[in-house]
Amino acid sequence: MEHKRLSPFPADFLWGSASAAYQVEGAWDQGGKGPSVWDNFVRIPGKTFKETTGDVAVDHYHKYKEDVALMAEQGLKAYRFSIAWSRILPEGSGAVNEEGLRFYENLIDELLAHQIEPVVTLYHWDIPQALQDQYGGWESRQVIADFTNYATLVFNRFKGKVKHWVTLNEQNVFISHGYMLATHPPGVSDPKRMYAANHHANLANASAIKAFRELGVPGKIGPSFAYGPNYAIDSKPENVLAALNAEEYNANFWMDVYMWGEYPKAVFTWLEEQGWAPDILPGDTELLKQGAPDFMGLNYYQTATNAFNPIDGVGLGKMNTTGEKGTTEEQGIPGLFKNAANPYLEKTNWDWEIDPTGLRIGLRRIASRYRVPVFITENGLGEYDKLTAESEIHDDYRIDYLRRHALAIQEAISDGVEMIGYCTWSFTDLLSWLNGYQKRYGFVFVDRDEADEKDLKRYKKDSFYWYKKTIAANGANLIDEK
């Protein structure tokens, strides 16, 4: 729909930015922290771009006050960050590391002192290695109790200071990459194990939300889901059905469980046919239904375009982790769908399609299907940024990307979608998991690369100043810049 006039952003809209512990903190073995699965996984040759690790990352652990001062200068209303489970509980359960708790308490207090709302993510992919060794991590039901215990510890420590909590970040990503694609820990490819681990993660998510409510923690809680709406490549019925399959398999399969406590029937029937369906034990559905979130966290980067894929068709293909444009291989799920290039969209150097309208479509679909507020917990552009001789970074491409996506949010608000906030990915440059340090997302350039940590000096990019202006105007500048 086209509006004669767009609605303004809410007065309390949270203009923010985001990060994750492993990608920014460093200090991987300091302050009493235990190892996470990522601390070990990055040491397996060939798993990351140029063998990069988060051992130092961008040293946010030691530089958090400097980073928060930059956030305050920009005018951020919110900063989303994750807590490293093994910094709090080095063994995953048992003895509490008070020094780790104090680090996050100091960070939260520093944010609040600068009128920046902390948005805390409980889990951003770094389960303690001790739990992986003890019982296989997400593959055991024991993880439900251990995650709930960890979450309860954090809730009790920070309740009253944190108003918005994220339970699991991108469950669909860490489960599929860890148990199907073998590109994340534990690095296996076994569909049966994948869907079992995913079911346990669903139960852990619901259990943590249930505990949040039983403790009477003030505020709101929900998961963050990596969602890209699915399109059909054309109106051929077989391709339309493939897009429906992709939407059910890649989106509803997770969000329906979060919101309604039930798996989509078509996908679950297909899993049963393959022999991959998880075991649903007595009490599971009841617990899942008790975990309905207060909002849906949305991590949005791109859409997917789909075409028919026969049973003997295309399977999993190699993804682009090098930044060499055009190296992503064709991929799909035989019998369900395959991905196709969308002729109407441009791509980044990592072959991610740029689709601001897709964000509006995704927001509309979530709001219509689930009737809950949406909090965009990630959205950003990973690209090559260059530091000039004058110590400047001219990233007009990032400004254009963020402006168009922020405008799509305003259009969705005008459509009636209830929005909480918009956290860009990311505030500073950081380690991009499999892609190293060359793939930069931040408003703040951090001077380091894969081979050399250099001095980790911070430099404000042009996008830093654009977002500062946008926050000050509460988005009123977006239409004028169109």
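## Loop residues with positive phi

In this predicted model, Leu 456 is found in the loop between β15 and β16 (458-460), where helices (H or I, at least four residues) and strands (E, at least two) are DSSP runs numbered from the N terminus. Leu 456 has a positive phi of about 55° although it is not a glycine, and with a relative accessible area of 9% it is buried, a term that means under 20% relative accessible area, with exposed being over 50% and partly exposed in between (1.4 Å probe, protein chains only). Ala 182, in the loop between α8 and α9, is likewise not a glycine and has a positive phi of about 65°; its relative accessible area of 18% makes Ala 182 buried.

Residues are numbered from 1 along each chain as its sequence is written, and side-chain values use heavy atoms, with hydrogens and water left out. As this is a predicted model, local features need pLDDT of at least 70 and side-chain atom pairs count only at pLDDT 80 or more, whereas totals for chains, interfaces and linings use all residues.

## Cis peptide bonds

The peptide bond from Pro 185 to Pro 186 is cis, with omega near 5°, and Pro 186 lies in the loop between α8 (171-179) and α9. A cis peptide bond also joins Trp 425 and Ser 426, with omega about 5°; Ser 426 is placed in the loop between β14 (419-425) and β15 (444-446).

## The annotated residue Glu 378

UniProt, in an unreviewed entry, lists Glu 378 under "active site"; UniProt positions are given in the numbering used here, feature names are shortened, and annotations may be inferred rather than shown by experiment. Glu 378 is found in strand β13 (residues 374-378) and counts as buried at 4% relative accessibility. Leaving aside residues up to four places away in sequence, Glu 378 touches residues including Arg 80, His 124, Glu 170, Tyr 300 and Trp 425, where contact means heavy atoms within 4.5 Å.

The side chain of Glu 378 makes a polar contact with the side chain of Arg 80 at 3.2 Å, and a polar contact of 3.1 Å joins the side chains of Asn 299 and Glu 378. Such a contact is a pair of N or O atoms within 3.5 Å; within protein, one must be able to donate a hydrogen and the other to accept it, and residues adjacent in sequence count only if both atoms are side-chain atoms. Asn 299 itself is in strand β7 (residues 296-299) and counts as buried at 1% relative accessibility.

## Helices α7 and α9

Helix α7 (residues 142-158) has 17 residues and reaches 25 Å from its first C-alpha to its last, close to the 24 Å expected at 1.5 Å a residue, the expected span being 1.5 Å times one less than the number of residues. The axes of α7 and helix α9 (residues 191-214) come within 9 Å and cross at roughly 35°. The α7 residues that make this contact include Val 143, Phe 147 and Phe 155, and those of α9 include Leu 203, Ala 208 and Phe 212. Axes are lines fitted to C-alpha atoms, for helices over the stretch in contact, and angles run from 0 to 180 degrees between N-to-C directions.

Lys 192 is found in helix α9 and is partly exposed, with a relative accessible area of 37%. The side chain of Lys 192 reaches the backbone oxygen of Ala 277 at 2.9 Å.
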